[in-house]
Amino acid sequence: MNPHLDKLQPYPFEKLRQLFAQVTPNDQFKAISLGMGEPKHPTPPFIAQALIDNIGGLATYPTTIGTDALRSAIAGWLERRYGLPTINPATQVLPVNGSREALFAFAQTVIDPAARSLVVCPNPFYQIYEGAAYLAGAEPYFVNSDPARNFGCDYDGIPASVWERVSLLFLCSPGNPTGAVLTLTDWENLFALSERYNFVIAADECYSEIYHGVEAPLGALQAAHILGLSSVQKPYARLVVFSSLSKRSNVPGMRSGFVAGDADVLKKFLLYRTYHGSAMSTVVQAASIAAWNDETHVEDNREQYRAKFNAITPLLQQVLDVALPDAGFYLWADVTRTGLSDTEFAQRLYAEYNVTVLPGSYLARDAHGVNPGRNRIRMALVAETSEGLEAAQRIVQFCKTLVK
């Protein structure tokens, strides 16, 4: 067996299951889960209809590179969304079966297992980054998020001896679970480090279309373009972005996303994927084209989240240290003032009020002397507003019982 498998930790939801194993929730309350980041808004009917209309595609094998029409739709969306110059759909875009599988597989392409490489990951983080590093024969190096920096990571604090071993840097902007968005200065510093130490940046942007302010989050390709890195001899060198329809269009079951950026890197990734056997069904491709070509449903979805967060966040601020994030559909709350740890808070809330939240320590690792998720909880506001409000009211009631 692959010995690297023994390095993998249980997924956060398995840890949560174990935490709740001996708990019987209060049956006076209907169960409400804020634990998993699975979109619950209805799938737009026109996307479902596109699946139905193209069901005949099940009779053919799809190609790994996808159809010209899908890659052109994705390239067009990138150009419109981020104000980019022409994206070449033949060389700079690859369809993938959701960002999760692609993030994992990408590490296998980039990392030389004989090189004792490091993979830089934010902390807290999406656990796929860690697993991808281990299974590619590398080691993760965690950079803690800092509340004083709007939960940004201090990449400048990483010593040169670490950077010299880095093959890949995973980052998530908007972040999971913090919702933090990288600034242009952040990107400029990362691009300079990538050039100096010759590592690839994998930017996970699957939450980019759910934001709470007026301005849309800055994207990695957009930052590169603003900084003049889209017009150099090798555009977007060592940079690839990952995105998905799951959150943007409420179709997590379609498993549809893309990777875009450095054409040379994507050429190698396409070679890997040809052997990996991860081609997207032409039925899903047709529905994806419809989704990428429409923004009205995305705007409607975003407004639903804005209304929900504006209603729920002030309620929770009565009892927890929590703020409206830059983007995403999570609240990242500090429970220290309750006197409970994050795991105690989650376990008691579940037992007494039948509401599920995810302990922050399950989303992070002990690094540099601390676990930056400790005494925080992640709440996914993915259900309808009424259910989210009911959960928030129960949390307020629970916290008030803790006050002596």
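I count two residues as in contact when heavy atoms of theirs lie within 4.5 Å. With that in hand, I started on Ala50, which touches Ala286, Ala287 and Ala290, leaving aside residues up to four places away in sequence.

Before going on, I noted the ground rules. The model is predicted, so local features need pLDDT of at least 70 and side-chain atom pairs count only at pLDDT 80 or more, while totals for chains, interfaces and linings use all residues. Numbering runs from 1 along each chain as its sequence is written, and side-chain values use heavy atoms, with hydrogens and water left out.

**Ala50, continued**

I placed Ala50 in helix α2 (residues 45–53); helices here are DSSP runs of H or I with at least four residues, strands are E runs of at least two, and both are numbered from the N terminus. Ala50 and Ala286 are 236 residues apart in sequence, yet I read 6.5 Å between them, C-alpha to C-alpha. Is Ala50 buried or exposed? It is buried, at a relative accessible area of 11%. My cut-offs are under 20% for buried, over 50% for exposed and partly exposed in between, using a 1.4 Å probe and protein chains only.

**Ser194**

Next I looked up Ser194, which sits in helix α7 (residues 184–197) and is buried at 2% relative accessibility. What does Ser194 touch, not counting residues up to four places away in sequence? I found Phe199, Ile201 and Arg238. A polar atom of the Ser194 side chain lies 2.7 Å from the backbone oxygen of Phe199. The Ser194 side chain also makes a polar contact with the side chain of Arg238, at 3.1 Å. For a polar contact I need N or O atoms within 3.5 Å, and within protein one must be able to donate a hydrogen and the other to accept it; residues adjacent in sequence count only if both atoms are side-chain atoms.

**Cysteines**

How many disulfides are there? I got zero, taking a disulfide as a pair of cysteine sulfur atoms within 2.5 Å. Cys121 is buried, with 0% relative accessible area. For Cys172 the closest cysteine sulfur belongs to Cys206, at 5.5 Å, and that is also too far for a bond. Cys172 is buried as well, at 10%.

**Salt bridges**

I counted 16 salt bridges, each one a side-chain nitrogen of Lys or Arg within 4 Å of a carboxyl oxygen of Asp or Glu. I wrote up three of them.

Glu130 pairs with Arg365, with the closest N and O atoms 2.8 Å apart. This pair links distant parts of the chain, 235 residues apart: Glu130 is in helix α5 (residues 128–135) and Arg365 in the loop between β12 (358–359) and β13 (376–380). Both Glu130 and Arg365 are buried.

Asp264 pairs with Lys234, and here the closest N and O atoms are 3.6 Å apart. Asp264 lies in helix α10 (residues 263–276) and Lys234 in the loop between α8 (220–226) and β8 (239–244), so the bridge ties together parts 30 residues apart in sequence. I have Asp264 as partly exposed at 47% and Lys234 as partly exposed at 36%.

Glu295 meets Arg248 at 2.7 Å, N to O. Glu295 is in the loop between α11 (282–292) and α12 (296–316), and Arg248 is in helix α9 (residues 245–249), 47 residues apart. Glu295 is partly exposed at 26%, whereas Arg248 is buried at 2%. I also noted that bridges with shared partners join Lys234, Asp262 and Asp264 into one network.

I found a cis peptide bond between Asn123 and Pro124, with omega about 10°; Pro124 is in the loop between β3 (118–123) and α5. Another cis peptide bond joins Ser173 and Pro174, with omega about -5°, and Pro174 is in the loop between β6 (166–172) and α7.

Arg116 is not a glycine but has a positive phi of about 55°. Arg116 lies in the loop between α4 (99–110) and β3 and is exposed at 58%. His368, also not a glycine, has a positive phi of about 55°; it sits in the loop between β12 and β13 and is exposed at 54%.
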